[in-house]
Amino acid sequence: MTTGALRDLRPGRAALGRLLLDAGALSPPWLPVFAAVDRADFLPDEIWPWDMERRAGAVVDRAADPDGWYAAADGNAPVVTQWDDGEHAGPEPGRVASSSSSAPSVVYAMLADAAPAEDMAVLDVGTGTGETAAALAHRCVRGRVTTVEVDRAVSDAARARLRRRSPSPTVVVGDGAAGHAAGAPYDRVLATVGLRAVPAAWVAQTRPGGVIVAPWGTHFGNADAVVRLVVGRGVASGRFMRPVEFMKLRAQRLPARRHEDRVPADTFRYAATSTTDVVEDELVTGRFTALPFALGLRVRACVQAVAERRGGARPVWFYGTEDRSWACVLFRAGGAARVWQSGPRRLWDEVEAAYRWWREAGRPDHTRFGLTVTPDGHRAWLDDPARSWPV
């Protein structure tokens, strides 16, 4: 298929294809897949296009607003298709988005990272709408594709859509963290859910020399980075490719906790206090920047929460996930930031040390970091796997 053939598609899809090509997310070998697998065929009638900047989405109903619905389907943005693990009903957004159609630029970049050949066996983790599984099945026409989804209702809806296509992947309801041993070994494992740990089952079910592509991150923040791991015998290792953000694998979600539960009011006045010369603009760099990702790699079992700036001040909080440790840095214009810390660990001291390490290392971006997964756990590294540390 040539780029000129994009003219034969729906105008919105043709424009999306050109956008993805120009951005480098859609490579020419994937053009036939893009033409054959229409995102609109996999979306329900009621969707919530997601604005990544505003962190919000408003419902679009296909029957009531077909033009708006197709504009969302042909847009390069994620689309929420389920809230609160299916417990939510009604047109208003729910509390937590729990299933979606990922932004096409992200999907096609990850498909290119995985680089499946037409005769390969592929495990797709996180069926969602079924679009990614359909793209893989179209690409691996002489191979086999297995897609796993933990939510039965989501899986059943995707199965119905996928049955109308040929070739059709094998659709399985189950915990994606367990993979699907019955279909192993796989040449590729592609996950469209965010991980906090690469499941050992995926490594065990992948052939030596096979590849795992998945969004991975730490609980320090919600953002992830795509990692491409090459599998050896019981070990997988590789570099991070680019920052992304995905809904998390349900088995690896961090339980929700209120600030009041983490920092009881009566402990604040007894906290250790100090100041720091780290300034707000150095620490608060944005969700998809390299610094919060690097801090998560260096500071174990810690969550960062950046509050809104009010009255010229912004507090940044850090909470331990394994104990009652916490820290708060209060940034004000024109003066040194004040620090409070309490609990078994001094979290700000750890974060500050990690920040200075990152700065002295030349402020490395995501692509200089890598991950190695062994039976003993995960190790992150900078530039060289020989220079690694546990995460």
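**View 1. Helix α4 and its buried residues.** P104, S105, V107, Y108, A109, M110, L111, D113 and A114 are the buried residues of α4, where buried means under 20% relative accessible area, exposed over 50%, and partly exposed in between, using a 1.4 Å probe and protein chains only. That is 9 of the 11 residues in the helix, which runs over residues 104-114 and is mostly covered. Helices here are DSSP runs of H or I with at least four residues, strands are runs of E with at least two, and both are numbered from the N terminus. What you're looking at is a predicted model: local features need pLDDT of at least 70, side-chain atom pairs count only at pLDDT 80 or more, and totals for chains, interfaces and linings use all residues. Residues are numbered from 1 along each chain as its sequence is written, and side-chain values use heavy atoms, with hydrogens and water left out.

View 2. Helix α4 is followed by A115, which sits in the loop between α4 and β6 (121-125). A115 isn't a glycine, yet its phi is positive, at about 50 degrees. Most residues other than glycine have a negative phi, and most peptide bonds are trans. With a relative accessible area of 37%, A115 is partly exposed.

**View 3. Helices α11 and α12 crossing.** Two packed helices are described by the angle between their axes and the distance between the axes. For α11 (residues 290-298) and α12 (residues 347-360), the axes come within 9 Å and cross at roughly 120 degrees; axes are lines fitted to C-alpha atoms, for helices over the stretch in contact, with angles running from 0 to 180 degrees between N-to-C directions. That angle makes α11 oblique to α12, since under 35 degrees counts as roughly parallel, over 145 as roughly antiparallel, 65 to 115 as roughly perpendicular and the rest as oblique. On the α11 side, A290, L291, A294, L295 and R298 do the touching, and they meet V351, A354, Y355, W357 and W358 of α12; contact means heavy atoms within 4.5 Å. The residues of this contact split into 9 nonpolar, no polar and 1 charged, with Ala, Val, Leu, Ile, Met, Phe, Trp, Tyr, Cys and Pro counted as nonpolar, Asp, Glu, Lys and Arg as charged, and the others, Gly among them, as polar.

**View 4. A380 in strand β19.** Strand β19 covers residues 377-382 and holds A380. A380 is buried, its relative accessible area being 0%. Setting aside neighbours within four places in sequence, A380 is in contact with L297, G370, L371, R387, S388, W389 and V391. R287 is another story: 93 residues away along the chain, its C-alpha atom is separated from that of A380 by 20 Å.

View 5. D383 lies between β19 and β20 (388-390). Although D383 is a residue other than glycine, its phi is positive, near 70 degrees. Its relative accessibility is 28%, so D383 counts as partly exposed.

**View 6. Two cis peptide bonds.** S166 and P167 are joined by a cis peptide bond, with omega about 0 degrees. P167 has its place in the loop between α6 (152-163) and β8 (170-173). A cis bond also links A184 to P185, again with omega about 0 degrees, and P185 lies in the loop between β8 and β9 (186-191).
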